Amino acid sequence: LVLYTWLQHSDSSVPHYGEGEWTWVKGALSTIDRPYGIFDFFHHTIGSTHVAHHLFHEMPWYNAVKATAALKAYLEPKGLYNYDPTFWPVAMWRIAKTCHYVESREGVQYYKSLEDVPLTKDTKKD
(Lines give C-alpha, C1' and ligand atoms only; values in the text may rest on other atoms or scores of the structure.)
Protein backbone atom coordinates (compact mmCIF):
# COMPACT_ATOMS: atom_id res chain seq x y z
CA LEU A 1 0.00 0.00 0.00
CA VAL A 2 2.93 2.37 0.53
CA LEU A 3 3.89 1.90 -3.12
CA TYR A 4 0.29 2.57 -4.16
CA THR A 5 0.15 5.75 -2.10
CA TRP A 6 3.45 6.96 -3.51
CA LEU A 7 2.37 6.31 -7.11
CA GLN A 8 -1.05 7.93 -6.57
CA HIS A 9 0.49 11.19 -5.38
CA SER A 10 3.82 11.36 -7.18
CA ASP A 11 4.46 12.33 -10.77
CA SER A 12 6.35 15.13 -12.45
CA SER A 13 3.04 16.35 -13.89
CA VAL A 14 1.26 16.67 -10.53
CA PRO A 15 1.51 20.17 -9.01
CA HIS A 16 2.31 20.96 -5.39
CA TYR A 17 0.69 24.12 -4.08
CA GLY A 18 2.09 26.61 -1.60
CA GLU A 19 -0.05 28.18 1.09
CA GLY A 20 -1.24 31.04 -1.11
CA GLU A 21 -2.13 28.77 -4.04
CA TRP A 22 -3.74 25.75 -2.42
CA THR A 23 -7.50 25.20 -2.45
CA TRP A 24 -9.42 22.06 -1.53
CA VAL A 25 -10.28 21.35 -5.19
CA LYS A 26 -6.69 21.91 -6.38
CA GLY A 27 -5.48 19.59 -3.64
CA ALA A 28 -8.06 16.95 -4.48
CA LEU A 29 -7.06 17.04 -8.15
CA SER A 30 -3.36 16.72 -7.28
CA THR A 31 -3.35 12.97 -7.64
CA ILE A 32 -3.03 10.64 -10.58
CA ASP A 33 -4.93 7.59 -11.77
CA ARG A 34 -2.92 4.65 -13.07
CA PRO A 35 -3.86 1.14 -14.21
CA TYR A 36 -2.55 -1.56 -11.89
CA GLY A 37 -3.67 -4.65 -13.77
CA ILE A 38 -4.77 -7.51 -11.52
CA PHE A 39 -3.99 -5.41 -8.43
CA ASP A 40 -6.94 -3.16 -9.28
CA PHE A 41 -9.19 -6.12 -8.50
CA PHE A 42 -7.49 -6.91 -5.18
CA HIS A 43 -7.38 -3.28 -4.05
CA HIS A 44 -10.88 -2.29 -5.15
CA THR A 45 -9.58 -0.05 -8.01
CA ILE A 46 -8.25 2.56 -5.56
CA GLY A 47 -5.21 3.21 -7.77
CA SER A 48 -7.09 3.65 -11.02
CA THR A 49 -9.92 5.67 -9.45
CA HIS A 50 -7.91 7.78 -7.04
CA VAL A 51 -8.94 11.17 -8.44
CA ALA A 52 -12.59 10.27 -7.72
CA HIS A 53 -11.58 9.09 -4.24
CA HIS A 54 -9.98 12.47 -3.50
CA LEU A 55 -13.08 14.35 -4.62
CA PHE A 56 -15.65 11.98 -3.09
CA HIS A 57 -13.88 10.20 -0.24
CA GLU A 58 -17.12 8.88 1.28
CA MET A 59 -18.29 7.26 -1.97
CA PRO A 60 -18.42 3.44 -1.80
CA TRP A 61 -15.59 1.80 -3.75
CA TYR A 62 -18.03 -0.05 -6.02
CA ASN A 63 -19.17 3.29 -7.53
CA ALA A 64 -15.64 4.57 -8.16
CA VAL A 65 -15.25 3.23 -11.73
CA LYS A 66 -18.49 4.86 -12.85
CA ALA A 67 -17.59 8.12 -11.07
CA THR A 68 -14.12 8.09 -12.63
CA ALA A 69 -15.58 7.75 -16.12
CA ALA A 70 -17.84 10.76 -15.48
CA LEU A 71 -15.00 12.81 -13.95
CA LYS A 72 -12.67 11.96 -16.81
CA ALA A 73 -15.29 13.03 -19.38
CA TYR A 74 -15.74 16.34 -17.57
CA LEU A 75 -12.19 17.12 -16.39
CA GLU A 76 -10.02 15.81 -19.22
CA PRO A 77 -11.12 18.38 -21.84
CA LYS A 78 -10.26 21.10 -19.29
CA GLY A 79 -6.79 19.61 -18.72
CA LEU A 80 -7.63 18.78 -15.11
CA TYR A 81 -7.66 14.97 -15.13
CA ASN A 82 -4.37 13.24 -14.36
CA TYR A 83 -3.94 9.79 -15.86
CA ASP A 84 -0.79 7.88 -16.71
CA PRO A 85 -1.27 4.68 -18.74
CA THR A 86 2.36 3.61 -18.20
CA PHE A 87 2.76 0.06 -16.86
CA TRP A 88 3.08 0.69 -13.12
CA PRO A 89 6.57 -0.86 -12.60
CA VAL A 90 7.89 1.37 -15.40
CA ALA A 91 6.14 4.40 -13.86
CA MET A 92 7.58 3.47 -10.47
CA TRP A 93 11.12 3.45 -11.87
CA ARG A 94 10.59 6.75 -13.73
CA ILE A 95 9.22 8.43 -10.61
CA ALA A 96 12.05 7.07 -8.46
CA LYS A 97 14.54 8.58 -10.91
CA THR A 98 12.83 11.94 -11.48
CA CYS A 99 10.63 12.97 -8.51
CA HIS A 100 12.97 13.92 -5.68
CA TYR A 101 12.10 17.37 -4.39
CA VAL A 102 10.27 20.64 -4.97
CA GLU A 103 12.29 23.87 -4.89
CA SER A 104 10.06 25.90 -2.62
CA ARG A 105 7.00 25.88 -0.44
CA GLU A 106 5.71 28.95 -2.26
CA GLY A 107 3.57 29.15 -5.40
CA VAL A 108 2.98 26.18 -7.66
CA GLN A 109 5.80 23.65 -7.73
CA TYR A 110 6.51 20.46 -9.63
CA TYR A 111 8.89 17.67 -8.69
CA LYS A 112 12.48 18.15 -9.73
CA SER A 113 15.14 15.50 -10.15
CA LEU A 114 18.48 15.36 -8.39
CA GLU A 115 19.85 14.51 -11.83
CA ASP A 116 19.06 18.11 -12.82
CA VAL A 117 21.22 19.57 -10.05
CA PRO A 118 24.66 20.49 -11.39
CA LEU A 119 27.57 18.87 -9.62
CA THR A 120 30.00 21.23 -7.92
CA LYS A 121 32.74 20.23 -10.36
CA ASP A 122 30.44 21.24 -13.24
CA THR A 123 29.80 24.73 -11.85
CA LYS A 124 33.40 25.75 -11.14
CA LYS A 125 34.89 28.32 -13.47
CA ASP A 126 38.42 27.79 -14.64
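Predicted model: local features only at pLDDT ≥ 70, side-chain atom pairs only at ≥ 80, totals over all residues.
Residues are numbered from 1 along each chain as its sequence is written, and side-chain values use heavy atoms, with hydrogens and water left out.

**View 1. The buried side of helix α1.**
Look at helix α1, residues 2-9, and pick out Y4, L7 and Q8, which are buried. Buried means under 20% relative accessible area, exposed means over 50%, and partly exposed is in between (1.4 Å probe, protein chains only). The three cover an arc of only 100° around the axis, which puts them on the same side of α1; the arc is that of the directions from the helix axis to the C-beta atoms. Helices (H or I, at least four residues) and strands (E, at least two) are DSSP runs, numbered from the N terminus. The buried residues of α1 pack against α3 (38-42), α4 (50-55) and α6 (88-98), where contact means heavy atoms within 4.5 Å.

A salt bridge here is a side-chain nitrogen of Lys or Arg within 4 Å of a carboxyl oxygen of Asp or Glu, and the whole structure has 6 of them. Start with R34 and D11, whose closest N and O atoms are 3.2 Å apart. R34 is in the loop between α2 (24-28) and α3, while D11 is in the loop between α1 and β1 (16-17), 23 residues apart. D11 also meets R94 in a salt bridge, at 2.8 Å from N to O. Since R94 is in helix α6, that pair ties together parts that are 83 residues apart in sequence. How exposed are the two ends? D11 is buried at a relative accessible area of 6%, whereas R94 is partly exposed at 31%. Through shared partners, salt bridges join D11, R34, D84 and R94 into one network.

**View 2. Rings meeting rings.**
Rings of Phe, Tyr and Trp (its six-membered ring) pair if their centres lie within 6.5 Å; planes under 30 degrees apart count as stacked, over 60 as edge-to-face and the rest as tilted. By this rule there are 5 aromatic pairs. In one of them, F39 and W88 have ring centres 5.8 Å apart and planes at 85°, so the pair is edge-to-face. F39 belongs to helix α3 and W88 to helix α6, so the pair ties together parts that are 49 residues apart in sequence. F39 is partly exposed at 35% relative accessibility, but W88 is buried at 18%.

View 3. K72 lies over the face of Y83, at 5.2 Å from the ring centre, and K78 lies over the face of Y74, at 4.4 Å.

**View 4. Back to Q109.**
Q109 counts as buried, at 13% relative accessibility. Leaving aside neighbours within four places in sequence, Q109 is in contact with residues including V14, H16 and V102.

How values were computed:
Lys NZ or Arg CZ within 6 Å of the ring centre and 35° of its normal.
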